[in-house]
Amino acid sequence: MNDDTAPTSPAGDWAPATLAASGLGWVDAATRAISPPMHLSSTYERDVDNGYSSGRVYGRADNPSYDQPEALLCALERGAGAALFASGMAAATAVFMALRPGDHVVASKVMYWSLRNWLMTAAKDWGLEVELVDTTDLDALRAAMRPGRTRLVWIETPANPVWSITDISACAEIAHAAGARLAVDSTVATPILTQPLTLGADIVMHSATKYLNGHSDLIAGALVTRELDEAWTRILGVRAQHGGILGSFEAWLLLRGMRTLDVRVRAACRNAEALACHFEGHPLIEAVLYPGLKGFIGHDLAARQMSGGFGGMMSIRVRGGEAAAIAVAAKVRLWKRATSLGGTESLIEHRASVEGPGTPAPPDLLRLSVGIEDPGDLIDDLEQALAAAGA
Ligand SMILES: Cc1ncc(COP(=O)(O)O)c(C=O)c1O
């Protein structure tokens with residue numbers, strides 16, 4: 001982190017909305033620019049005494065363009081350090097690659113499918129012993145722990161694509177009692193709704209591609225650590241050595257996107273809540289999966305663990321099964337039929353088609369990433385798609 005640009009303002013006392021909108025209040029020391037310059041250099045000059053007093057040697061991964069977005073994310077998550085990666089997958093896999101072959105890890109059965117696939121294939125080939133459990137069931141998690149051998153517990157909450165809620169504090173206690181660390185994929189909650197490090201987690205992971213950036217125009221990942229410990233040093237080593245680094249322009253765009261994080265997340269939460277309430281009990285819909293609904297399993301825990309809303313992600317199970325669900329997705333006009341989540345625009349997707357065999361997504365499930373459009377327009381479009389599909 002370059003202290004020349006560090007603020008003199010009391011950012012530590014600021015609310016998340018202020019931290020984000022002001023970008024921590026940083027001003028470029030060299031130019032007094034409010035929006036930071038983008039640094040493109042791949043290498044840095046040595047001092048006359050052969051040292052590197054700048055703290056930077058080579059652009060994999062010393063990059064001044066990371067300083068402000070990493071510091072902002074760190075402040076939002078209340079961590080001790082943050083690191084940007086080329087993608088969410090690069091960030092997540094770095095946490096596992098920083099372990100040692102033979103280490104045992106326990107992870108949620110319901111999680112981002114591509115990471116689950118990687119854990120069950122490449123991570124196992126590399127030597128990790130991976131066990132998937134239902135982490136909403138704390139007894140199941142306890143039973144899976146092997147004290148002294150389990151090094152990491154990985155959870156996602158709310159979890160793709162059924163939005164199940166895992167108790168972060170309880171998992172931290174269980175992990176720590178067995179000598180393991182807890183990592184949380186908090187992509188869907190964002191630091192606006194949940195701050196896992198304050199609940200005892202050791203590492204938070206984000207696909208910054210999603211809400212952090214918020215405009216569906218870059219791929220990025222991030223990790224935030226509670227402590228600057230040996231595990232964190234190993235993770236930074238993986239980033240520098242494997243080279244999964246973010247480009248300077250993407251880091252700059254990400255900071256710009258994060259400035260509106262608070263307003264975007266709150267608007268998406270309001271819209272998702274309106275949609276969930278409207279479609280709950282709808283004659284053409286079997287079930288609405290949204291942690292904000294009182295009848296949702298995990299609602300009470302979500303209400304304790306999340307503050308300010310239940311997120312912008314929800315799913316609907318369409319009456320009539322898989323064919324009916326796919327037909328509804330084909331009939332939308334305003335919603336975009338695409339994968340991903342967390343952008344300003346609303347997306348709809350038949351999730352089982354994406355995830356393939358072994359998916360926990362029921363065949364009749366459509367995943368909805370609710371954007372920040374007018375909620376009435378979103379409801380009208382989904383209503384006409386349901387009617388047009390004859391679901
Ligand atoms: C919850 C979650 N975690 C991780 C990832 C992976 O992130 P990326 O696509 O940025 O590699 C995704 C991507 O969809 C995701 O939804």
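Tryptophan 163 is found in the loop between strand E4 (150–156) and helix H7 (168–177), where helices (H or I, at least four residues) and strands (E, at least two) are DSSP runs numbered from the N terminus. The structure is a predicted model, in which local features need pLDDT of at least 70 and side-chain atom pairs count only at pLDDT 80 or more, while totals for chains, interfaces and linings use all residues. Residues are numbered from 1 along each chain as its sequence is written, and side-chain values use heavy atoms, with hydrogens and water left out. Tryptophan 163 has a relative accessible area of 0% and is therefore buried (buried means under 20% relative accessible area, exposed over 50%, and partly exposed in between, with a 1.4 Å probe and protein chains only). Its phi is near 65°, a positive value in a residue other than glycine. The loop between E4 and H7 also holds proline 161, and the peptide bond from asparagine 160 to proline 161 is cis, with omega near -10°.

Tryptophan 163 is among the contacts (heavy atoms within 4.5 Å) of methionine 314, which, leaving aside neighbours within four places in sequence, include Leu275, Val288 and Leu368. Methionine 314 is in turn one of the residues that touch the most other members of the largest nonpolar core, which has 90 residues; such a core is a set of buried Ala, Val, Leu, Ile, Met, Phe, Trp, Tyr and Cys residues joined through side-chain atoms within 4.5 Å. Helix H11 (residues 261–279) gives the most to this core, with 8 residues.

Around the ligand there are 14 residues, of which Gly88, Met89, Asp185, Ser207 and Thr209 come nearest, a residue being near if one of its heavy atoms lies within 4 Å. A polar side-chain atom of aspartate 185 lies 2.6 Å from a nitrogen atom of the ligand, and an oxygen atom of the ligand is 2.9 Å from a polar backbone atom of glycine 88. An N or O atom in the side chain of lysine 210 is likewise 2.9 Å from an oxygen atom of the ligand. Taken alone, the ligand exposes 390 Å², of which the protein buries 92%, with accessible areas from the Shrake-Rupley method with a 1.4 Å probe and, for residues, only the protein chains shown counting as cover. Helix H3 (88–97) and strand E6 (203–207) are the elements that give two or more residues to the shell around the ligand.

Terms used:
Polar contact = N/O pair within 3.5 Å; in protein donor to acceptor, adjacent residues only side chain to side chain.
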